[in-house]
Amino acid sequence: MVANVSRRGFLGAAATTGLGLLSGCGASSQQAASSVKTAKLDPSNPTNIGVWHYYNGSQQAAFDDLVNEFNTNAGKEKGIYVEAQSLGSVSDLEAAISDSLAGVVGSSDLPTIFFSYSDTAYTVQQAGKLAEVGQYFTADELSAYVEGYLKEGYLLDDDKLYLLPVAKSTETFMINVTDWEPFAAATGATFEDLSTTEGVTKVAQSYHEWSGGRAFYGRDSMSNYFIIGMRQMGAELFDAADGKVTLNLDRDKVRRLWDNYYVPYVNGWFKAAGKFRSDDVKTGEILAYAGSTASATYFPDQVTPDSDTATTIGYKVLAAPIMEGGERVCVQQGAGMCVSASDDEHEYAAVEFLKWFSEPENNLRFVCQSSYLPVLKEANTVEALDAAIKNNGLKVSDKTYDTLSLVMSSIEQETFYAAGCFENGSAARKVLDYNLSDKAAADRAAIEQAIAGGASAADAVAPYVTDDAFSSWFTVFKTALESAIAGSK
């Protein structure tokens with residue numbers, strides 16, 4: 001399998017096998033410069049490197065610890081000093097980058113290194129503000145990376161690397177097994193039933209009926225649902241190349257996605273109430289969700305529907321469901337690091353830090369605390385994970401370990417995918433994230449109001465799930481996507 005805490009980035013697309021992943025945002029081959037570029041650094045006068053990121057909590061603590069270690073040891077020897085700053089969230093970071101590019105009054109200059117998803121990186125590259133980091137690598141160094149991860153960084157069809165992977169994620173399915181078990185015992189539901197998207201819908205309906213009206217499931221990223229769901233059904237929603245895109249909105253396939261998100265949502269089988277679905281598990285609104293591996297640490301230990309009640313729960317991590325009869329395609333996500341175009345000294349120093357951070361031992365120490373996935377091939381095994389934990393005396397939460405080991409143990413059998421980057425890709429992704437989910441929430445609220453007014457649940461829902469209702473929404477959805485891609489306001 002292959003993840004943002006959110007929701008973001010148009011990455012790449014080209015088929016490979018094993019640890020080679022599907023990715024299309026960039027060149028068809030990876031070619032290191034014939035001579036690797038370097039610069040002379042002075043340990044007595046260190047080169048200062050600023051880093052903008054979006055890590056918070058345990059992820060920020062893990063990153064800060066590694067930065068401090070680099071500054072104390074390898075960085076001190078090389079003549080490099082790194083200063084890291086969290087800008088709060090992905091959206092905050094993207095806003096800061098945008099403001100810097102636009103020269104907004106009060107904005108800061110871009111730092112030497114900043115985290116970015118490929119659509120944002122593409123915009124910065126088009127403004128001439130990105131360094132081509134591939135020239136600082138040998139061919140052997142580049143070949144050590146998981147191929148699909150690296151391909152994301154080739155933003156154009158020019159064999160130039162602009163975005164370097166440092167930690168990745170995918171989606172998994174997490175469930176409150178304490179409340180699942182009595183339902184499963186009563187109905188015969190199994191974890192295997194949750195292996196397909198359609199299976200999740202059927203289980204959610206059954207749970208809703210068995211529990212007296214409770215929702216079962218939610219998902220964090222709707223854009224992943226559309227992009228990966230379409231790819232599982234054999235379609236490329238965004239066929240992107242060299243920054244341009246063709247929209248392939250197959251009506252029948254979109255109808256399947258509508259039937260397995262909107263329909264169960266307006267029926268009350270699915271729900272989204274808090275900021276993230278882990279919040280909804282905590283408050284008892286749902287039992288299960290599909291979300292980033294990086295969200296594993298946020299899966300609650302207790303359900304607290306109110307301030308006076310708390311019930312301890314267990315969990316289980318499962319593979320993310322796929323469309324019935326579809327390919328085993330999983331999302332590949334997570335920001336990479338860009339280096340701002342500047343002088344040879346700062347660019348070289350930045351890449352030296354990124355190489356150090358990507359080394360298996362260092363990278364695995366970070367992912368053990370963050371639930372991300374390492375980026376070098378040799379680090380993506382359960383054996384390497386176990387060795388890093390043992391050798392460094394790491395304390396890794398059970399949820400993080402179970403999530404990482406699940407992904408790593410099946411990585412050879414999975415196809416990881418991320419859509420290609422293109423102009424206005426961020427705007428198109430926002431349509432995917434909010435268009436259907438906002439409509440589903442608004443329509444469910446109207447249905448609940450009708451039920452409160454005396455209508456039966458079946459009668460209240462009926463007008464919302466007809467062929468005409470789908471057709472009406474599909475027209476609006478298609479127009480919104482086309483407008484976003486065209487850059488229309």
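Predicted model: local features only at pLDDT ≥ 70, side-chain atom pairs only at ≥ 80, totals over all residues.
## The largest cavity

Let's start on the inside. Rolling a probe the size of a water molecule over the atoms shows where empty space is left. The largest cavity comes out at about 200 Å³. Its lining is made up of 21 residues, and the ones closest to the centre are Glu171, Thr197, Arg219, Tyr225 and Pro321.

Helix H8 (197–211), strand S5 (217–219), helix H9 (222–232) and strand S12 (329–331) each give two or more residues to this lining. H9 has the largest share, with five residues. Sorted by class, the cavity lining holds 13 nonpolar, five polar and three charged residues.

## The second largest pocket

Now for an open space: the second largest pocket has a volume of about 210 Å³. It is lined by 14 residues, with Gly268, Phe270, Lys271, Arg444 and Glu448 closest to its centre.

Helix H17 (residues 425–452) is the top contributor here, giving four residues to the lining.

## Cysteines

If you're wondering about disulfides, the count is zero, going by a cut-off of 2.5 Å between cysteine sulfur atoms.

Are Cys338 and Cys368 buried or exposed? Cys338 is buried, because its relative accessible area is 0% and buried means under 20%. Cys368 has a relative accessible area of 1%, so Cys368 counts as buried too.

Note on methods. Residues numbered from 1 in each chain as written. Heavy atoms only, no water. Buried < 20%, exposed > 50% of the residue type's maximum accessible area, 1.4 Å probe, protein only. 1 Å grid on protein atoms, 1.4 Å probe; cavity = no way out; pocket = protein on both sides within 12 Å on 5 of 7 lines; lining within 4 Å. Points joined across faces, edges and corners; volume = space filled by probe spheres on them. Nonpolar A, V, L, I, M, F, W, Y, C, P; charged D, E, K, R; others polar.
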